[in-house]
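Thanks for asking me to look this one over. Here are my notes, in the order in which I would walk through the model with you.

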Amino acid sequence: MSETFSIDLPSQPARVQRGGEGPPLLLLHSEANTSAWSEFHDRLAANFEVFAPIHPGFGGEETPDWLVDMSDLAFHYKDLLKSLELDRPLVVGTSIGAWIASDLAIHFSSLIKGMVLFGPIGLRSPEPLPDLFIKQLPEVLGYLANSLDGSQVDPMTGDADLATAVWTDLATQARLMWKRNYDPRLRGRAHHADCPIMVAVGDQDRLTPLSYAEAYAELFDASLTTITGAGHLVPLDDPAAAAALVNSFYLTLEK
Amino acid sequence: MELFAFHLMPYPNIDPEVREKYSSAWVVYPNSEYDPVLGQSLYSEYLDQLAFADQIGFDAVVVNEHHQNAYGLMPSPNIMASALISRTKNAKIAILGNGIALRDNPLRVAEEVAMLDVMSGGRVLSGFVRGIGAEYHSMGLDPTRSRSRFFEAHDLIIKAWTEPGPFEWDGDNFQFRYVNVWPRPLQQPHPPIFVPSQGSSETLKWAAQHRYPLACTFVPMERLKQFYDRYRQYASEDFGYEAGPEKFGFTSIVYVHPDGEEAAAAEIEPHIKYFKERAFTLPLPTFFPPGYTAPESYKTRIEIARELANTGGPTLTAGEPLIGTPEQVGERLERNLAACGAGTLMAQFQVGDMPHGKVMRSMELFANEVMPYLSRDKVIS
């Protein structure tokens, strides 16, 4: 069960999905129209009070003018933590959501208890990563997760509204990642993310290779876990394993 | 009516399996497929065709800007315009796009077009385009900034041409401490501007506001009528003037053959097929990358893409086909312009891989047996 509400922030109103009881958890969603409340959310809500905001420019919204780079989202979410009066929540992010989480931790690590990053992006890769912006939409979903049905978003034969929703999310991603699908400053700033961090990736990830996740974990001084059978968007492909991982990580923080 | 000779300068030997092997004739179609020796003779023939259009009395010759593709070999339209200055005497040189949003420094466009205008004795028509989505892939430019960059680059260039420099420009996208363009254009206050449109209300209203003529490429007649009607409505209701035929132009393939429509169609069909099935191989994510338009416009593009898949590709002729005997072509041409209230036909004689000889024969027939019978009152002063 979840409810959705809107809360005014200096940047723009935030749309927030909320559910569950327990310690606070900020969940930062992934790309390509995957922001909706899902099985993963339900499983987390069994142990946490889950706050799952929809990023500005995602979930059907056009890219806002004020959004220039990833740090704008870090400041946006700092304002959200303050407005919701969340006391050092656990932050969980997937893919682009993990990048936002990393930036939030770099700028404001004292405000968060720890982070779980599923399939994080944002780091410069020695090998070029696939260019999702030139791929057909079904292919994009294929790179992201095993459990997404690409045929539904085929512009020629699928659901035009769904295709437009994925494309609209990709537009805001283009604002943030068109020129560089990484932040060159991440390497020099990662040490500011001074909180416990776990990186988790699927062993069937087609977007980023394992070596990429290893480099990410090393840079952020994080532990690294691999989930068998999952693609890039681990919480979509294996919500049970992803939620179990979050729970066990949280227990290590309590000790 | 005004007659413009429109050219894309396509590459003729695109791999027949371009779709299967490379997915696109744009952005990722390898440039190892380009033969520069063939390229030299192509440029020479294509420039001859446009020079001939000037000799037979066309009002303008039209060049375009497209990048990293085999569809059109004019990444720099200003270089083509420069080559045409010395090869033409009377025709205007219509640059249907400088892609002003594509330049990191739009003042380069202000400089280059001013140079062309001075060098040509004031024969430049200056089109401004946003550039299609493919250009944003090719230029490494964030398409979500495209509209904002286009409008700002336009304002900057017009100001650079019309207000004394030096002045400072501090915009969202472009910043210059000193704007002081030398040379200034010869035409005053500046070369005539025209813009293309794919029908977005924002563009139509903006064009009507500035009284810029619309130059529409490959738009079917029904949509042309809608675009022009909306422009006319904005002009009269919001900006207080009546938009006449001088505000509207569109492209059509023209092919004239002495033996009639069937013979003409049989001869041009392979080249149209080449254009649609090879040169225009342009996947939707390349044509409309994320953020290039508003979401509702993207949804409209999906509908258009589905229509095109059912009707066999883009519409190269708006209205009745201008393929047939001189008499047929002349009558239909006038009817097509009248049907949507347009004053300018941008005739495309060379299409796809059509060889030089065929193009020239058709143009000669057009010159000798069509043009003398057209009513050619000037609509653009």
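1. A word on burial before we start: a residue is buried if 20 or more other C-beta atoms lie within 10 Å of its own, exposed if 12 or fewer, and partly exposed in between, with C-beta atoms placed from the backbone. By that count Asp238(B) is exposed, because it has 11 other C-beta atoms within 10 Å. Asp238(B) belongs to helix H8 (residues 221-238) of chain B. Between Asp238(B) and Met371(B) there are 133 residues in sequence and 38 Å in space, C-alpha to C-alpha.

2. Some housekeeping. This is a predicted model, in which local features need pLDDT of at least 70 and side-chain atom pairs count only at pLDDT 80 or more, while totals for chains, interfaces and linings use all residues. Residues are numbered from 1 along each chain as its sequence is written, and chains are lettered from A and ligands numbered from 1 in the order in which they are written. Helices (H or I, at least four residues) and strands (E, at least two) are DSSP runs, numbered from the N terminus.

3. Now to strand E11 (residues 344-348) of chain B. Is this strand buried or exposed? Of its 5 residues, 5 are buried, so E11(B) is largely enclosed by the rest of the structure. Thr344(B), Met346(B) and Gln348(B) point one way, while Leu345(B) and Ala347(B) point the other way.

4. Strands pair if DSSP finds at least two bridges between them. E11(B) pairs in the parallel sense with strand E1 (residues 2-6) of chain B over 4 bridges, and Leu3(B) has Leu345(B) as its bridge partner. E11(B) also pairs in the parallel sense with strand E9 (residues 248-256) of chain B, over 5 bridges; here Ile253(B) stands opposite Gln348(B).

5. Next, a helix pair in chain B. Helix H7 (residues 201-210) of chain B crosses H8(B) at roughly 50°, and their axes come within 9 Å. Axes are lines fitted to C-alpha atoms, for helices over the stretch in contact, and angles run from 0 to 180 degrees between N-to-C directions. H7(B) is therefore oblique to H8(B); angles under 35 degrees count as roughly parallel, over 145 as roughly antiparallel, 65 to 115 as roughly perpendicular and the rest as oblique. The residues of this contact divide into 7 nonpolar, 1 polar and 2 charged. Ala, Val, Leu, Ile, Met, Phe, Trp, Tyr, Cys and Pro count as nonpolar, Asp, Glu, Lys and Arg as charged, and the others, Gly among them, as polar.

6. Helix H4 (residues 107-119) and helix H6 (residues 146-162) of chain B pack at an angle of about 45°, with axes 9 Å apart. Leu107(B), Val109(B), Ala110(B) and Ala114(B) in H4(B) meet Ile157(B), Ala160(B) and Trp161(B) in H6(B). That contact has 7 nonpolar, no polar and no charged residues. Contact here requires C-beta atoms, placed from the backbone, within 7 Å.

7. Over in chain A, 8 strands form an open sheet with mixed pairing, in the order E1-E2-E4-E3-E5-E6-E7-E8. Its edge strands, each pairing on one side only, are E1 (3-7) and E8 (223-227) of chain A.

8. Finally, where the chains meet: 20 residues from chain A and 20 residues from chain B make the contact. The side of chain A that touches chain B has 11 nonpolar, 5 polar and 4 charged residues.

Notes:
Contact = placed C-beta atoms within 7 Å.
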